[in-house]
Amino acid sequence: MPLSRPAVPRPVRLVRLLIGVWAVATAAGTAAAEPPKFNIGESRKSVVLVKRITPGVGPSVGSGFLASADGLVYTNRHVAVPPDDTIKGSIVLVGVPSAKDPEVLEYFRAEVVHAPPKKDDLDFAVLKIARKGGPAFQPLPLAAERLDLGSEVAALGFPRVLDSQPNLSFTKGSVSVGRVRLGERSYYQTDAAVNPGNSGGPLLNAKGEAVGIVTLKKRDANNIGFALHLGEVKDAAEQAGRLAAKVAPEPGPLDPKSMPVVASIAPKKDNWDVVGGELREQKGALVIDSNGGPYWVASKEPLPQDFQLVIQCHVDLLVGSQRLQPSQRSILRTLCVRFDTADTKTMVLERKGTLLQFTHDRMLLFKEGGADAEKVVPRGNPDDPFVLVITRQGGDYTVAVDGEIVLRHRDDKPLTGGHKFCLGGYLSRMYIGEVSVTKLEPVKGVTPVPVPVPPKVPVPPKVSVKGPVPLPAIAPGAVVAAGKPVDLPGTVGAVAVGGGGRFICLYIPSERKVAVFDATQQKVVKLLPVAGEGALVAAGAEKLFIVSPGERAVQRWDLTTFEKEKTALIEGKGAIKVALMGSASAGPLWLVGGEQVSVLDAQTLLPLVLKAEPKARVQGVGEGVRVSADGGTIGTWRFGTSPSGFTVITLADQALKYHYGHQSVGHLTPGPDGQVIYTAQGRFTPEGKSAGEADSGDAQKGRGIPYCFPAAEGSSLYLTVTLPYSHGNKFGDPRNPIHLGVRWATDGQKLTELPEVPLADITAFDREPIGNDQRFMLLPSAKLLVVLSPKNDKLLLYPFDLDAALEKSGKDYLLVESPRLVRVIRGAAFAYALTVRSKKGGVKVKLESRPEGMSVSPDGKIAWAVPKGFAESEVSVLLTVADAAGQEVLHSFKLAVRDP
């Protein structure tokens with residue numbers, strides 16, 4: 001008998017139906033009452049746009065969020081406060097979503113309530129805005145508890161904002177690292193996409209509460225952002241709360257027609273009166289020079305009596321065709337700013353009114369009527385673009401360069417102001433960007449002294465000059481006969497490779513000259529003068545340095561134009577015996593002597609500020625010193641001692657790191673990136689362990705010591721010379737045949753043998769100033785092996801065809817080459833094709849680490865539209881290259897970012 005459900009009376013069924021309907025309705029009502037994830041509809045009412053307008057610097061845009069109903073705003077310090085604390089007159093605007101339409105922003109003039117000092121690493125600031133009437137501001141809820149790894153988060157802010165159309169952006173992600181220590185502060189790491197403009201905005205949890213402040217993102221990586229934990233700002237926020245009562249910003253919102261602006265002089269010819277030289281517009285800047293002679297322009301409007309003058313500028317050396325007198329060597333690359341006089345026609349170097357003169361090695365302040373300079377500061381102008389800030393208030397003068405106050409001066413009787421100012425130079429070319437003038441409040445109790453108006457003087461004629469010649473890439477040379485000689489003007493005393501392998505710089509002591517051999521032209525292209533005896537020579541990717549140890553002076557020459565750019569005294573004491581620079585680097589410049597190591601910035605020629613005292617742990621530093629092509633590692637050993645020592649010094653994270661091994665291996669030449677040390681007894685790691693390559697077995701086979709050193713250009717190959725096994729046997733002994741070979745840097749296997757070449761009569765442990773590792777320069781791109789002759793008076797050229805050697809080897813090769821340092825220009829499109837050699841073909845290239853916006857095609861064509869405002873001067877690129885044989889290699893190079 002089948003089972004059946006008992007009958008239910010109809011009233012009971014009706015009650016059950018009503019209960020079900022009520023339950024469903026209740027559930028729906030509950031769901032409707034719960035806010036949506038991240039509560040965007042409410043959160044967006046509290047997220048604001050922050051715009052800072054700083055004289056001479058231009059606008060900066062970021063984000064923030066309301067933290068109180070009376071108008072306190074949390075943001076980053078770098079959003080609200082200019083990077084140069086010496087610049088006054090910044091205006092901060094805050095755009096708040098309108099209550100009627102959150103897509104529309106109402107703007108308020110903000111005051112900075114509190115921002116920790118610049119030396120503090122807390123990137124946090126509190127602003128205050130005020131409303132004339134109407135509703136209170138809607139603060140964003142805060143949540144101080146820490147989020148777990150993987151928690152859902154979102155970034156809310158105004159990235160990549162356009163002045164005409166600021167758009168709120170919402171990007172969702174998760175907490176990828178719960179606590180990252182950057183400096184002394186804790187941050188969330190998140191994969192929620194953040195970009196410039198998100199700084200200062202909130203990182204939201206799923207409830208729509210702020211848990212952090214978006215602060216920065218990792219360059220050369222996708223979706224790695226960092227948000228400051230709210231717990232880090234607790235003390236600063238409480239201090240701001242106590243100070244807020246004393247801050248009374250102008251009530252808003254502002255009338256759009258009365259939005260504040262900072263008065264500035266745009267880089268347009270019509271905004272200046274040209275008095276001397278030629279002025280022209282070029283890519284958003286003004287360029288002015290007079291073929292090395294004096295030049296200057298005058299402002300259209302007068303300066304206030306008390307002012308701050310902010311000048312964006314760049315100064316290049318330009319000697320021109322005139323004969324340089326000895327007395328003029330101290331005023332190379334001169335920049336002049338003159339004010340406090342009605343005379344704008346007298347030559348700009350004349351001491352009229354108040355004159356600030358800024359040269360390659362010093363800054364001077366002159367006052368009309370004074371016999372000598374009022375102030376002299378041993379600080380030269382930078383090679384890169386910089387911001388010059390001149391402040392005059394009463395008799396107090398300050399001058400700052402890129403935010404650092406360089407000069408302070410007090411004058412109890414300042415000259416009368418209120419005149420136009422002149423901007424110009426001598427032995428230089430100047431690039432002028434935006435110039436701004438801010439009127440300051442006068443200082444009581446100071447009476448200005450009037451100055452007489454001088455007579456007019458003739459204006460020098462205008463002369464136009466050509467710009468510098470761009471540096472071409474290294475190109476394959478023509479086929480040469482084996483041993484083709486290149487005569488030199490004398491005996492070589494020192495060798496330095498530069499231009500990433502393109503240039504071989506040879507010091508000729510008898511002639512007091514440096515001969516520059518260009519591998520692309522296969523000849524000496526320039527002879528540069530050397531001052532003094534016993535000069536030291538170092539070369540980088542674009543610059544040549546000549547150091548005079550006795551005078552403790554250094555000169556920097558450009559390898560593009562072969563013009564001398566800068567002369568400076570070397571700070572400190574102690575002997576200087578060796579100068580070094582990576583042949584494919586932009587710095588630093590290493591100075592070694594007396595077991596002391598100094599590291600100079602290649603641009604300023606001033607000592608780098610290092611975390612550790614470099615003298616504290618130095619041991620084993622000797623007369624023999626070599627440097628890696630990237631400039632980051634040096635190897636050094638002693639002459640005439642046993643053991644000679646194995647000392648490797650690496651510059652990393654602004655500190656020198658040392659390793660010393662109590663062993664003898666002859667010379668120590670770091671490879672291109674410093675990861676392998678090439679010696680007279682094989683290859684080693686920087687810690688002194690054998691690299692275990694194939695050529696280490698040559699000595700065991702009775703073939704002598706495997707003397708090896710890297711190629712002068714590229715990173716895939718190195719050279720070996722099999723030295724006589726006994727230290728007492730010299731080169732040329734028929735019982736000890738010489739083997740010169742090329743090997744793979746990856747595994748030490750031999751690629752090919754090279755033709756017989758003459759060798760100097762020295763051994764691996766000889767103390768000659770030029771070692772065998774400096775005599776052989778393998779340049780695959782130029783298809784050359786360059787050898788310095790045994791008598792040091794010739795270069796001998798031998799053909800080297802890498803493609804032919806690869807095919808003959810029969811090896812499944814995968815070879816990637818590029819210059820170690822590639823120059824790119826801000827605001828310009830950059831395109832570059834890697835040189836990849838693969839026997840199997842099927843090459844695929846992938847970018848692993850790169851600047852934002854860079855792309856690469858599978859066959860290795862790299863493209864990047866370099867942003868105009870790209871802040872870094874050097875950035876690294878890392879790629880993975882694979883081929884059809886399944887081989888894969890990592891390849892890296894650096895981009896030197898320069899202005900037009």
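**Close-up 1. Pairing of Ile-649 with Tyr-658 in the predicted model.** Ile-649 has Tyr-658 of strand S43 as its bridge partner, in a model that is predicted. Strand S42, residues 646–652, and S43 run antiparallel and are joined by seven bridges.

**Close-up 2. The four-stranded open sheet S40-S41-S42-S43.** The strands follow this order with antiparallel pairing. S40 (624–627) and S43 (655–661) are the edge strands; each has a single partner strand, so one side of each lacks a neighbour in the sheet. From one strand to the next, the twist averages 20°.

**Close-up 3. Strand S19 and its burial.** S19 spans residues 334–339, and six of its six residues are buried, so the strand is largely enclosed by the rest of the structure. Thr-334, Cys-336 and Arg-338 point one way from S19, while Leu-335, Val-337 and Phe-339 point the other way. Residues of both sets are buried, Arg-338 included.

**Close-up 4. Partner strands of S19.** Strands of a sheet pair through backbone hydrogen bonds, in either a parallel or an antiparallel sense. S19 pairs with strand S26 (residues 422–426) in the antiparallel sense over five bridges. Within S26, Leu-423 is the bridge partner of Val-337. Five bridges also join S19 to strand S20 (residues 354–358), and these two strands run antiparallel. In S20, Gln-357 stands opposite Cys-336.

**Close-up 5. Val-875 in strand S61.** Val-875 belongs to S61, which covers residues 874–882. Its relative accessibility is 3%, under the 20% cut-off, so Val-875 counts as buried. The C-alpha atoms of Val-875 and Leu-895 are separated by 5.3 Å, although the two residues are 20 residues apart along the chain.

Terms used: Residues numbered from 1 in each chain as written. Predicted model: local features only at pLDDT ≥ 70, side-chain atom pairs only at ≥ 80, totals over all residues. Heavy atoms only, no water. Pairing = 2+ DSSP bridges. Axes fitted to C-alpha atoms, helices over the stretch in contact; angles between N-to-C directions. Buried < 20%, exposed > 50% of the residue type's maximum accessible area, 1.4 Å probe, protein only.
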